[in-house]
Amino acid sequence: MGGNKASGYNTLTKVLTVVVAVLLIAGLVGGLAYLLSRPTGLYLTRGEERITDKTDLVLKAGEETAFTAGMADGWGSYSAKDCIVKVLPNADEAHDFEFAVEGAEEPSLYSAETDLTAAFCEGYDGKGIPVTEEGVFVIKPACMSMPEVLEKVYGEGKVTGLGDTLYLADYPYFALYILSPDGKEELRLPFRIDTGVVSVTLEPDGVIL
């Protein structure tokens with residue numbers, strides 16, 4: 001009888017040991033996952049979604065999108081509103097291109113542009129997109145084509161040499177650029193623009209998009 005009790009206690013002890021070990025391992029794995037996934041330094045979110053350079057970020061033409069810039073360890077003596085936010089060109093060698101600007105002797109290279117923000121911010125003052133004390137700023141793609149984007153920068157009718165083959169939804173030609181108030185950290189996050197229906201062709205047998 002006594003042997004049965006001892007055996008039962010041993011079995012219970014083993015079960016409890018296994019359970020405790022499993023809980024400890026689960027806790028360690030969870031803690032490690034949190035440490036690996038938590039933001040570090042300057043970061044950007046859209047709602048609950050954290051945006052990284054690996055995110056396939058797509059913005060809808062004509063619609064506003066709100067983002068929030070954050071600093072993992074706080075802003076210190078600065079404020080989130082002191083961040084500099086701009087839109088810059090994003091193009092690898094295969095997607096780079098030249099265009100002509102009225103009055104310029106040489107063609108311009110798209111990747112060499114330093115500021116495209118005027119096409120994404122109404123009443124742009126050249127200093128960056130306004131950021132609130134909470135780190136919130138709003139982007140609104142106002143153009144449906146690359147010529148329109150560049151005309152927002154250089155002026156209407158002043159850009160030539162571009163056809164209609166650059167579809168803004170096909171490649172992230174733009175990047176959100178965020179510079180921390182102290183100038184020590186920056187983010188460059190590529191994005192595409194969903195322009196909706198690109199063209200409509202009327203055919204005798206129907207409509208082809």
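I looked up Lys-86 to begin: at 21% relative accessibility, Lys-86 counts as partly exposed (buried means under 20% relative accessible area, exposed over 50%, partly exposed in between, with a 1.4 Å probe and protein chains only). This is a predicted model, where local features need pLDDT of at least 70, side-chain atom pairs count only at pLDDT 80 or more, and totals for chains, interfaces and linings use all residues. Residues are numbered from 1 along each chain as its sequence is written, and side-chain values use heavy atoms, leaving out hydrogens and water.

Next I checked the partner of Lys-86. Asp-115 forms a salt bridge with Lys-86, with the closest N and O atoms 3.9 Å apart (a salt bridge is a side-chain nitrogen of Lys or Arg within 4 Å of a carboxyl oxygen of Asp or Glu). Lys-86 lies in strand E5 and Asp-115 in the loop between strands E7 (108-109) and E8 (136-139), 29 residues apart. Asp-115 is buried, at 18%.

I counted six salt bridges by this rule. Another one joins Arg-192 and Asp-56 at 2.9 Å. Arg-192 is in strand E11 and Asp-56 in the loop between E2 (49-51) and E3, 136 residues apart. I found Arg-192 buried at 18% and Asp-56 exposed at 54%.

Then I turned to the sheet. It is open, with four strands in the order E3-E11-E10-E5 and mixed pairing (strands are DSSP runs of E, at least two residues, numbered from the N terminus; two strands pair if DSSP finds at least two bridges between them). The edge strands are E3 (57-60) and E5 (84-89). I noted six bridges between the antiparallel strands E10 (174-179) and E11 (186-194); Ile-178 has Leu-187 in E11 as its bridge partner.
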